[in-house]
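Colleague: I have this one open and would like to go through it with you. Could you start wherever you think is best?

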Amino acid sequence: MKIALSLGAGLSLAVLPAAGIAALVQGVKAPDFTLTAAQGGKEFRLSLKQTLRGGPVVLYFFPAAFTPGCTMEAHLFAEANGKFNQLGARVIGVTAGNIDRVAEFSRSACRDKFAVAADPGAKVAAQFDATMQRPDGSMLSSRTSYVIAPDGTILLAYTDSKPQAHVEKAMAAVRAWKARRR
């Protein structure tokens, strides 16, 4: 579900995701993708399918590297990365930016802790219904987080423009997945 902000004349300023709602719902299969990513500034090809072989994936989409909210969210995921890893999960960030910017962001904001993928044109984000449109018509990734089980099933879908709750909700979903496996 998306909410359009409108001006008095009915002109749409931007399309923003409604808080707490993401279109791909719990229980559906996540679309597979392969993107150019970076971790610690080093580029590589990242495949969701291959990453899922190692356990669940926390896949979070964010609008733009080096903006205040996205940097805060990256710091929060970096701080929690060790706990996700202890639970068998891997964190992946995705943004509609270019790989040079993403490589730099992976070093500084993500503190070399997890992979960040470049999604030019937000094509993968669109498959996950995690996009928003700028006033100029170009697409950005919305702030949307998914937790995906190793079989590709979505365990959590969460959209909110505020970055603070994403790590907490993703951690709860990974812990619940882990508890069911005992």
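**Helices, sheet and cores**

Modeller: In helix 3, the buried residues are Ile 99, Val 102, Ala 103, Phe 105 and Ser 106. They span an arc of only 165° around the axis, so they lie on the same side of helix 3. That arc is taken from the directions that lead from the helix axis to the C-beta atoms. Buried means under 20% relative accessible area, exposed means over 50%, and partly exposed lies in between, with a 1.4 Å probe and protein chains only. Helices (H or I, at least four residues) and strands (E, at least two) are DSSP runs, numbered from the N terminus.

Colleague: Before we go on, what kind of model is this?

Modeller: It is a predicted model, in which local features need pLDDT of at least 70 and side-chain atom pairs count only at pLDDT 80 or more, while totals for chains, interfaces and linings use all residues. Residues are numbered from 1 along each chain as its sequence is written, and side-chain values use heavy atoms, with hydrogens and water left out.

Colleague: And what do the buried residues of helix 3 pack against?

Modeller: They pack against strand 3 (34-39), strand 4, helix 2, strand 6 and strand 7, where contact means heavy atoms within 4.5 Å.

Colleague: Let's step back to the whole chain. How many helices and strands does it have, and what share of it is buried?

Modeller: The protein chain has five helices and 11 strands, and buried residues make up 48% of its 182 residues. Among contacts with a separation of 6 or more, 62% come from residues 24 or more positions apart.

Colleague: What is the strand order in the open sheet?

Modeller: The seven strands of this open sheet follow the order 4-3-7-6-5-10-11, with mixed pairing; two strands pair if DSSP finds at least two bridges between them. On average, and ignoring direction, neighbouring strands are turned by 25° against each other.

Colleague: Where does helix 2 sit relative to that sheet?

Modeller: Helix 2 packs on the sheet and touches strand 5, strand 6 (90-95) and strand 10, and its direction makes about 175° with that of strand 5. The axes are lines fitted to C-alpha atoms, for helices over the stretch in contact, and angles run from 0 to 180 degrees between N-to-C directions.

Colleague: Staying with helix 2, is Asn 81 buried or exposed?

Modeller: Asn 81, which lies in helix 2 (residues 68-86), is buried, with a relative accessible area of 5%. Leaving out residues up to four places away in sequence, Asn 81 touches Val 91, Lys 113 and Phe 114.

Colleague: Now strand 10. Why is it described as largely enclosed?

Modeller: Five of its five residues are buried, so strand 10 is largely enclosed by the rest of the structure. Both of its faces are covered, with Thr 144, Tyr 146 and Ile 148 buried on one side and Ser 145 and Val 147 buried on the other.

Colleague: What joins strand 10 to strand 5, and to strand 11?

Modeller: Strand 5 and strand 10 (residues 144-148) run antiparallel and are joined by five bridges; Leu 59 stands opposite Tyr 146, and Phe 61 has Thr 144 as its bridge partner. Five bridges also join strand 10 to strand 11, again antiparallel, with Tyr 146 opposite Ala 157 and Ile 148 partnered with Ile 154. Strand 10 and strand 11 form a hairpin with five residues between them, and Gly 152 in the turn has a positive phi of about 90°.

Colleague: Last topic, the cores. Which residues touch the most other members of the largest one?

Modeller: That core has 34 residues, of which Val 58, Phe 77, Phe 84, Phe 105, Phe 114 and Val 147 touch the most other members. A nonpolar core here is a set of buried Ala, Val, Leu, Ile, Met, Phe, Trp, Tyr and Cys residues joined through side-chain atoms within 4.5 Å. A second, separate core of 24 residues includes Phe 33, Val 94, Ala 122 and Ile 148.

Colleague: What does Val 147 contact, leaving aside neighbours within four places in sequence?

Modeller: With those left aside, the contacts of Val 147 include Val 57, Val 58, Ile 154, Leu 156 and Ala 170.
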